[in-house]
Amino acid sequence: MENSDVLGSSTAPLTWHDFLQRMRDPAAADFVKSIKSFIVSFLNNAPDAERDSAAVQEFLGNMETAFRAHSLWAGCSEEELESAGEGLEKYVMTKLFTRTFASLPEDVKVDEQLHEKIALIQQFARPENLDIKPTYQNESSWLLAQKELQKINMYRAPRDKLVCILNCCKVINNLLTSVSSKDNPPGADDFLPVLIYVTIKANPPQLHSNLLYIQRFRRQTRLVSEAAYFFTNILSAESFISNIDAQALSMDETEFETNMESARALLSGLSFDNNVLGQSDQNAALVPGADTTDSKLSSRSNRPPSPATQPNPSVASTETKPKNEDQYVKSQSSMEKIPSLSDLENRGASLLIKEDSISQVFQSFPYLYSQAGDLTVGDVEELLTNYKRLVIKYICLAKGSGIDNPSPPLLNDQGQTPHPEFEFNPESEAASAGEPIDGTQKDATPEDSSSVLSQSLESGESKLKETEEVSSKDEEGS
């Protein structure tokens, strides 16, 4: 297939840095001048989606043509020339990000409406509501796909955002293929419902703006083949969710509306409870030596059921509503200001992914690294899977809620001070593009990102085992 590896040219670790180094060469002075001039000119114009997209596409195309004719790339392979184009796109769009991403009020409004709608739907939507075959239902495995999609706001370059989508889609596709027979492989009708469900559960902020950003500013000649196929699917998923109704979820209208109202009440109740807890903590803090534990427990005792214990709204829709439901039902505008559990978990997941040593975060939970054979209770595999999911969810929610690290203290991350805007300094540009300067984290690629969380856990497991072995040797020596 032509252009089958549309991201292959930029998966090499040194691609981005190679471009920056070439731009520091005196022979690249004209290129640097042209790039600066374009950026300044672009920033001086008011946002206009169609005009901005056309301007960027034309500039990138002209510059790539100039690269091919320049001595800096004389004798270079096609792959190296493609890498130069990728580096140019990343540099330019990183500089223009705040001007081009979610820069139009109508896009921001759609983002908010979509995010709020998904926050409600995810409270009651189940795989069967999207006609996902029982054979393909595996929510614990879909968690990794969700985390890949949630990384999309960690990056600013269109390609990097697109790779997050591709990672998510590839995880889903691989999972579907693994449980299918060779004679009956999964098709588009099997893949899209799962992607829709994963997108609902992930609920990445500013999904609409992210997709528009990729559409407008990803080099069109590279948005082809597999990348185009998966990107088209995520656009279809967004369209489906935006127009989702009772029929789309295989529900009758009454059940759908009841579920939506129950979800609004639940989220409003959680936000009300958060306000009560916050006020209790503030009042307790005014009294020297006061123990805030009792006040927290007292407040929590009056909480509405958590999502883990909350009855399925579709089942409870015929039951009598709580008397104090009106206390929790708030206006739509109020909800927009209060983060849902999904918002908190998404935020915490993003913070967790950025941790330098994820394994240290989980060291307080020894069973996370256990194997099924280490346990003696029944149904060990299911227990172990559920335990691991619980630990990950707990850490994400804790971080998203601003709670102190529940594991042993970690060293604080050291922020990097950016250099002046138009200096082609490899370290400063890597920092501004969202890349770590020490090179320990490469550009996101389908090959090296789709298993980052599981790899981190495995790394942590090996480190714990090494610690245990050292401890046992010390004991034997003593």
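**Notebook: charges and salt bridges**

I began with Arg216, which counts as buried because its relative accessibility is 18%; buried means under 20% relative accessible area, exposed over 50%, and partly exposed in between (1.4 Å probe, protein chains only). The areas come from the Shrake-Rupley method with a 1.4 Å probe, and for residues only the protein chains shown count as cover.

A note on what I am looking at: this is a predicted model, where local features need pLDDT of at least 70 and side-chain atom pairs count only at pLDDT 80 or more, while totals for chains, interfaces and linings use all residues. Residues are numbered from 1 along each chain as its sequence is written, and side-chain values use heavy atoms, with hydrogens and water left out.

**Entry 1: the partner of Arg216**

I looked up what Arg216 meets, and found a salt bridge with the side chain of Asp107 (3.4 Å, N to O). A salt bridge here is a side-chain nitrogen of Lys or Arg within 4 Å of a carboxyl oxygen of Asp or Glu. Arg216 sits in helix α10 and Asp107 in helix α6 (residues 105-121), so this pair ties together parts 109 residues apart in sequence. Helices are DSSP runs (H or I, at least four residues), numbered from the N terminus. I noted Asp107 as buried too, because its relative accessible area is 7%.

**Entry 2: Arg222 and its two partners**

How many salt bridges does the structure hold? I found 19.

One of them joins the side chains of Arg222 and Glu82 (3.0 Å, N to O). The two are 140 residues apart, with Arg222 in the loop between α10 (207-217) and α11, and Glu82 in helix α4 (residues 78-95). Is Arg222 buried or exposed? I have Arg222 down as buried, at a relative accessible area of 3%, and Glu82 as partly exposed, at 23%.

Arg222 also meets the side chain of Glu86 in a salt bridge (3.7 Å, N to O). Glu86 lies in helix α4, so this pair ties together parts that are 136 residues apart in sequence. Arg222 and Glu86 are both buried.

Last, I looked at a negative surface patch, formed by Asp245, Asp252, Glu253 and Glu257. Asp and Glu count as negative, Lys and Arg as positive, and His and the chain ends are not counted. Patch residues have over 30% relative accessible area and no salt bridge, and like charges are joined within 9 Å, each charge being placed at CG of Asp or CD of Glu. Asp245 lies in the loop between α11 (225-242) and α12 (253-285), and I noted Asp245 as partly exposed, at 34% relative accessible area.

Key: Patches are made of residues with over 30% relative accessible area and no salt bridge: like charges are joined within 9 Å, nonpolar side chains (Val, Leu, Ile, Met, Phe, Trp, Tyr) within 5 Å.
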